[in-house]
Amino acid sequence: MENLLRDIGILDSDTKADVCETYTVSKDQNTGKARKLYIESYGCQMNFSDSEIVASILSKEGFDTTSDINAADVVFLNTCSIREKAEQTVRNRLTHINNLKRHKPEMLVGVLGCMAERLKSRLLEEEKIVDLVAGPDAYRDLPKLINQVDEGDKAVNTFLSREETYADISPVRLNSNGVTAFISIMRGCDNMCSFCVVPFTRGRERSRDPHSIVSEAKDLFGRGYREVTLLGQNVDSYKWSEVQNNKAWIEKNGIQDVVNFAELLRRVAGVSPDLRVRFSTSHPKDITDEVLFVMKEHENICKNIHLPMQSGSSRILELMNRGYSREWYLNKAKRIREVLGEDCGLSSDMIAGFCTETEEEHRETLSVMDAVQYDFAYMFYYSERPGTLAEKKYKDDVSLEIKKRRLDEIISKQRAHSFLRNQHDVGKTYKVLIEGNSKRSPKDLQGRTSSNKVVVFPAAGHQKGQYVNVLVTDCSGGTLIGKVV
Ligand code: SAH
Ligand code: SF4
Ligand code: F3S
């Protein structure tokens, strides 16, 4: 997400308090198809990646994507439910689209993604302009659902699957710079963190066939892409068996040929030494030494780990059902830097003001930040979500005022740390993959280091998609500045 938001210019500061209030829009595709599809995507990378699956499914049905909502026959909002604000943003957007629809009643309006899954057919009643509702596992059904609307009915499919991974669908890259791309490796989540709506909106965890993942990476490399990010809510629990569900085979042979995340990383890294591999998100309770050593062995696996802490208090982590303690987390962070070195990028997610959090426990979050010194973080205040364990079991008893003040303290600390971590890079030379022109000057290029830091430098005849060695000469809190050496 971070990369994507940077690519499209939404995120260029060192910290971001809430990424879900931003969105991306489908690009213009002009292959001469008769109908136009406009998709706005909210939320996490998984959603952005799903929009590319949706565009692919509908391209076979005679749709080109457009970036102009006024030109669209079909308008989809691919939505997020993670915090109340994320849903409110979508509702506001629907009110705006309602005005457009008054002038163009034939325009089909659909809600996809997590909010569709959470609210189901209620969305048709609550938001009267919505014609179609499809949950994250129902996208293959979209052609049928659109037909249903064309014939004058409303259409809903929010069935959650235990198998769907869209493994065979080749995504249409919607917001691509032609250099970096996302590959979904799994769907759903089985973790049940008490604050989180994802297990309810995305269903059970399932992993995608590794052969299809490797062939997608190969295909991207062949088309000039130089970096892939493997996506899942908890990539460390990726698991795929060659004989999945084949009990007879397992009984006969006594073993299963299981591909875990470390093995998947090895396979994707083997596509080419010139293809960089990133991944997100790691869960502190599940990331293994094996993964760290595979990262160490492969130069092209980027040295950056997104390891959401959520809270620095063991009591709060227990209430959150995160499955680790403060000490466990600190040990993991230490182990990562032991194996991968001090330059390894570490980033986090933090929630301020979870149910019953005391001032002392909030300070424990700040002290973990001091101990780890993250390069980057996404920071939020707690937002109670209907149906979650926390909503059922605990009282949302920290006032909004206190939540916001605690969040501010977390954000200021992170700003200071991002700046410190960037200053630490000044005077060093890093291999950078060029992603395109800098947003500030067409004479400058920008790319990222292995540790996921953005570097801006004079173009000097270089081009996107190339690797260059850049000497870092200066920095701000969000960006390194340098020159090719
Ligand atoms: N699977 C990832 C996170 C997915 S959601 C993981 O386990 O780390 C992204 C982030 O949103 C979470 O890490 C958490 O920090 C935040 N988040 C989730 N639910 C929230 C809620 N109810 N209120 C505030 N922040 C929340
Ligand atoms: Fe939500 Fe926890 Fe799953 Fe992440 S691991 S998606 S926070 S339930
Ligand atoms: Fe939001 Fe759904 Fe992702 S709730 S964060 S879009 S999985």
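Reader: Which domains line the largest cavity?

Author: Domain 1 (2-157) and domain 2 (180-421) both give residues to the lining, so the cavity lies between them. Those bounds come from an automatic or database domain assignment. This is a predicted model, where local features need pLDDT of at least 70, side-chain atom pairs count only at pLDDT 80 or more, and totals for chains, interfaces and linings use all residues; side-chain values use heavy atoms, with hydrogens and water left out. Residues are numbered from 1 along each chain as its sequence is written, while chains are lettered from A and ligands numbered from 1 in the order in which they are written.

Reader: OK, how many cavities are there in the whole structure?

Author: Four of 30 Å³ or more turn up in the search. A cavity here is a set of points on a 1 Å grid over the protein atoms alone where a 1.4 Å probe fits but cannot get out; lining residues have an atom within 4 Å of a point.

Reader: What's the volume of the largest one, and who's closest to its centre?

Author: About 950 Å³, a volume being the space filled by probe spheres set on the points, which are joined across faces, edges and corners. Its lining has 50 residues, and C44, Q233, T281, H306 and D349 are the closest to the centre.

Reader: Which element gives the largest share of that lining?

Author: α7, with four residues. Elements supplying at least two residues each include α2 (45-59), α7 (198-202), β15 (276-280) and β17 (345-352). Helices (H or I, at least four residues) and strands (E, at least two) are DSSP runs, numbered from the N terminus.

Reader: And the lining by class?

Author: It has 24 nonpolar, 20 polar and six charged residues. Asp, Glu, Lys and Arg count as charged; Ala, Val, Leu, Ile, Met, Phe, Trp, Tyr, Cys and Pro as nonpolar; the others, Gly among them, as polar.

Reader: Switching topic: where's the cis peptide bond?

Author: It joins S280 and T281, with omega about 10°. T281 sits in the loop between β15 and α11 (289-297). Most peptide bonds are trans.

Reader: What about phi at T356 and A460?

Author: T356, not a glycine, has a positive phi of about 65°; A460, also a residue other than glycine, has a positive phi near 45°. T356 lies in the loop between β17 and α14 (359-372), A460 in the one between β21 (454-458) and β22 (467-475).

Reader: Buried or exposed, those two?

Author: T356 is partly exposed at 28% relative accessibility, and A460 is exposed at 63%. Buried means under 20% relative accessible area, exposed over 50%, partly exposed in between (1.4 Å probe, protein chains only).

Note on methods. On a 1 Å grid over the protein atoms alone, a cavity is a set of points where a 1.4 Å probe fits but cannot get out, and a pocket is an open set with protein on both sides within 12 Å along at least five of seven lines; lining residues have an atom within 4 Å of a point.
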